[in-house]
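Here are my notes for you to read alongside the coordinates. Have the viewer open while you go through them.

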Amino acid sequence: MAIKKETKKNYTLKLFVTGNTLNSTRAIANLKMILADELKGMYTLKIIDVLKNPQLAEDEKILATPTLSRILPPPIRRIIGDLSDKEKVLIGLDIM
């Protein structure tokens, strides 16, 4: 019986923000810090401004911003807010 090696997960994330608001800029900064500390390059991040791309937000049924969606690995998980609580973000994304 072969033993499987633990492979590191790669995460696909989308952060939906509304323009250059305080909450949006705070969420971006907080998320980038968390990703640099915890995922160290094992992720793809797309930042979507719903003012510029409202159809993308509508397609994914985003009702509030900032909203962070973990697309991969499944299942999809979402966190709403400025992502200032690192532990809640990690638990919410099922990284911790």
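The points below go from the sheet to the cores and then to some backbone details.

1. First, a caveat: this is a predicted model, so please read every value below as computed from that model.

2. Start with the sheet. Four strands make an open sheet, ordered β2-β1-β3-β4, and the pairing in it is mixed. β2 and β4 (residues 77–80) sit at the edges, each pairing on one side only. From one strand to the next, the twist averages 20°.

3. Now for the parallel part. β1 (residues 11–17) pairs with β2 (residues 43–49) in the parallel sense, with seven bridges between them. If you want a specific pair to click on, take F16, whose bridge partner in β2 is I48.

4. The antiparallel part is at β3 and β4, which are joined by four bridges. β3 itself covers residues 67–72.

5. α1 lies across β1, β2 and β3, and the helix runs at about 165° to β1.

6. Next, the nonpolar packing. The largest nonpolar core has 15 residues, and L13, L15, L31, L68, L83, V89 and L93 are the ones that touch the most other members. β1, α1 and α3 (residues 86–92) are the elements giving two or more residues to this core. Apart from it there is another core, of five residues, including F16, I48, V50 and I62. Note that F16 and I48 are the bridge partners from point 3.

7. Leaving aside residues up to four places away in sequence, V89 touches I34, L68, I79 and L83. Of these, L68 and L83 were also listed among the core residues with the most contacts to other members.

8. E60 deserves a look of its own. Is this glutamate buried or exposed? E60 counts as buried because its relative accessible area is 19%, and the cut-off for that label is under 20%. You'll find E60 in the loop between α2 (residues 54–59) and β3. Beyond residues up to four places away in sequence, E60 touches K14, F16, I71 and R78.

9. One runs from T65 to P66, with omega near -5°, and P66 is in the loop between α2 and β3. The other runs from L72 to P73, again with omega near -5°; P73 is placed in the loop between β3 and β4.

10. Last, which residues have a positive phi without being glycine? K40 is one of them, with phi near 40°. K40 belongs to the loop between α1 and β2, and it counts as exposed because its relative accessibility is 62%. D94 is another non-glycine residue with positive phi, at about 60°. D94 comes in the segment after α3, and at 38% relative accessibility it is partly exposed.

Note on methods: Residues are numbered from 1 along each chain as its sequence is written. This is a predicted model: local features need pLDDT of at least 70, side-chain atom pairs count only at pLDDT 80 or more; totals for chains, interfaces and linings use all residues. Side-chain values use heavy atoms; hydrogens and water are left out. Two strands pair if DSSP finds at least two bridges between them. Buried means under 20% relative accessible area, exposed over 50%, partly exposed in between (1.4 Å probe, protein chains only). Contact means heavy atoms within 4.5 Å. Axes are lines fitted to C-alpha atoms, for helices over the stretch in contact, and angles run from 0 to 180 degrees between N-to-C directions. A nonpolar core is a set of buried Ala, Val, Leu, Ile, Met, Phe, Trp, Tyr and Cys residues joined through side-chain atoms within 4.5 Å.
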